Amino acid sequence: MPENEAGFVYVLKGSCMNYTETDELKISENQAVLAKSGNSTFKTLPVNGNTAYSAISVRFHKDVLDKIYHGSNAPFLKKPNSPLTTNSVMVSSNILIEQYIQNIMYHFDHQELLAEDLLVLKLKELLALLLQTENAPKVLEIMNNLFEKKTFEFKEIIKAHIYSSVSLEELAQLTNNSISAFKKEFKRIYNDTPNHYIINQRVERVAELLPKSNDTISSIAYDCQFKTLAHLSRVFKTKYGVTPSEYRSNFSDKQ
């Protein structure tokens with residue numbers, strides 16, 4: 001989002017994956033996310049084979065909030081006393097938020113009833129509701145930093161998404177690069193290609209989990225973003241000389 005905007009997004013139908021520089025959030029029907037200004041991307045996800053998706057978004061503009069709350073003690077307009085650690089947070093839906101969304105949808109269909117005073121009240125109502133959810137502390141942290149720009153280092157973004165489902169093109173976008181510039185910068189920093197480096201990190205994570213986790217190998221592979229067990233087995237054996245099951249068995253035999 002632009003530096004002077006932040007937003008609340010409530011999914012009405014379907015599901016999507018939202019990515020910021022350091023976060024990955026899956027948002028499904030009747031769930032919501034609060035996101036501050038910053039770089040982000042998202043993609044819709046199929047639900048039971050259906051890719052239909054719709055959502056409602058309420059944008060917060062800095063100049064509008066300054067005008068509405070001028071001279072007040074709004075907690076989220078205070079100078080932040082701690083650095084921001086995230087750009088987005090899941091917001092727990094409740095009956096009050098659901099009723100708020102229904103009311104907003106009604107006004108979409110009856111825009112002739114809208115007046116500026118009513119819009120101000122609806123905006124204040126949403127902000128008050130957000131500060132009463134289960135994630136209120138995290139919501140307040142983001143609200144306190146709505147328009148504070150944080151510059152993420154290239155390596156921070158890569159590290160945050162090693163085990164993420166984000167594509168290389170989306171990763172490039174999160175680092176504010178074209179795909180060609182991203183690959184060039186990646187090579188300069190890591191002396192490796194993005195695909196090879198990321199796959200290698202994921203394989204090492206699998207090797208770390210196999211002796212410690214009781215999860216199935218398929219589950220571990222999925223959590224580490226391997227699409228198929230066959231793919232994991234192939235790259236794992238290339239690196240370690242044995243299959244994942246043999247690797248786990250070898251550790252069990254030594255105990």
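**Spaces and charged pairs**

Tutor: The lining of the largest cavity comprises two nonpolar, six polar and two charged residues, where Ala, Val, Leu, Ile, Met, Phe, Trp, Tyr, Cys and Pro count as nonpolar, Asp, Glu, Lys and Arg as charged, and the others, Gly among them, as polar. This is a predicted model, in which local features need pLDDT of at least 70 and side-chain atom pairs count only at pLDDT 80 or more, whereas totals for chains, interfaces and linings use all residues. Residues are numbered from 1 along each chain as its sequence is written, and side-chain values use heavy atoms, with hydrogens and water left out.

Student: How many cavities of 30 Å³ or more does a search of the whole structure find, and what is the volume of the largest cavity?

Tutor: Rolling a probe the size of a water molecule over the atoms shows where empty space is left. On a 1 Å grid over the protein atoms alone, a cavity is a set of points where a 1.4 Å probe fits but cannot get out, a pocket is an open set with protein on both sides within 12 Å along at least five of seven lines, and lining residues have an atom within 4 Å of a point. Here the search finds one cavity of 30 Å³ or more, and the largest cavity has a volume of about 40 Å³, a volume being the space filled by probe spheres set on the points, which are joined across faces, edges and corners. Ten residues line this cavity, with T20, K36, G38, N39 and S40 the closest to its centre.

Student: Which residues lie nearest the centre of the largest pocket?

Tutor: They are V58, R59, L119, V120 and L123, from a lining of 20 residues, and the volume of that pocket is about 450 Å³. Its lining divides into 13 nonpolar, three polar and four charged residues.

Student: How many salt bridges does the structure hold, and which residue pairs with K67?

Tutor: Side chains of opposite charge can pair when their charged atoms come close. The structure holds seven salt bridges, each a side-chain nitrogen of Lys or Arg within 4 Å of a carboxyl oxygen of Asp or Glu. K67 pairs with E116, their closest N and O atoms being 3.9 Å apart. Because K67 lies in helix α1 and E116 in helix α3, the pair ties together parts that are 49 residues apart in sequence, helices being DSSP runs (H or I, at least four residues) numbered from the N terminus.

Student: Is K67 buried or exposed?

Tutor: K67 is exposed, at 63% relative accessible area, given that buried means under 20%, exposed over 50% and partly exposed in between (1.4 Å probe, protein chains only). E116 also counts as exposed, at 55%.

Conventions:
Helix = DSSP H or I, 4+ residues; strand = E, 2+ residues; numbered from the N terminus.
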